[in-house]
Amino acid sequence: MKAAAILLNFFFPGVGSLVIGKSSEGAIQLVLYIMGLILTLTLIGAIIGVPMMLAAWIWGLVTAASYQETTQVVHVVHSGYPAHPGSNPYPPPPYAPPPNTPPPQTPGA
């Protein structure tokens, strides 16, 4: 993943950062690069555009190169109830009346 991010950032600054999950940095790098490209095409803005593109390119490469993959550990807790198809894994609460019983009669009603 890191090698792909570096390669993507080499050709398209910001895209590799987006791939590795650094969304805000990647978006800013991409916008800076595109703005620098547009300024460079105007020739007068090349004084600002070229350094802006270079800064976005270097920032993207450093972001991708400094990325460290993390491993997520998932702990599964067993509830103790059997997981058979068609069975209810959650038994009814102890206060629930048994099914199909008439409601209790109040005296004098």
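These legends describe close-up views of a predicted model.

Local features need pLDDT of at least 70, side-chain atom pairs count only at pLDDT 80 or more, and totals for chains, interfaces and linings use all residues. Residues are numbered from 1 along each chain as its sequence is written, and side-chain values use heavy atoms, with hydrogens and water left out.

**View 1. The overall fold has four helices and zero strands.** Along the sequence the pattern reads α-α-α-α. Helices (H or I, at least four residues) and strands (E, at least two) are DSSP runs, numbered from the N terminus. The protein has 109 residues, and 17% of them count as buried. Buried means under 20% relative accessible area, exposed over 50%, and partly exposed in between (1.4 Å probe, protein chains only). Among contacts with a separation of 6 or more, 45% join residues 24 or more positions apart. A contact means heavy atoms within 4.5 Å.

**View 2. Helix H1 meets helix H4.** H1 covers residues 2-11 and H4 covers residues 46-65. Their axes come within 8 Å and cross at roughly 180°. Axes are lines fitted to C-alpha atoms, for helices over the stretch in contact, and angles run from 0 to 180 degrees between N-to-C directions. H1 and H4 are therefore roughly antiparallel (angles over 145 degrees count as such). H1 contributes Lys2, Ala5, Ile6, Asn9 and Phe10. H4 contributes Trp57, Gly60, Leu61, Ala64 and Ala65. The contact residues divide into seven nonpolar, two polar and one charged. Here Ala, Val, Leu, Ile, Met, Phe, Trp, Tyr, Cys and Pro count as nonpolar, Asp, Glu, Lys and Arg as charged, and the others, Gly among them, as polar.

**View 3. Phe10, Phe11 and Trp57 form a ring cluster.** Rings of Phe, Tyr and Trp (its six-membered ring) pair if their centres lie within 6.5 Å; planes under 30 degrees apart count as stacked, over 60 as edge-to-face and the rest as tilted. The count by this rule is two aromatic pairs. One of them joins Phe10 and Phe11, edge-to-face, at 5.1 Å centre to centre with 90° between the planes. Phe10 is partly exposed, at 43% relative accessible area. Phe11 is exposed, at 52%.

**View 4. Val19 sits in helix H2, residues 15-19.** Val19 is partly exposed, at 37% relative accessibility. Leaving aside residues up to four places away in sequence, Val19 touches Met1 and Leu8.

Notes: Angles under 35 degrees count as roughly parallel, over 145 as roughly antiparallel, 65 to 115 as roughly perpendicular and the rest as oblique.
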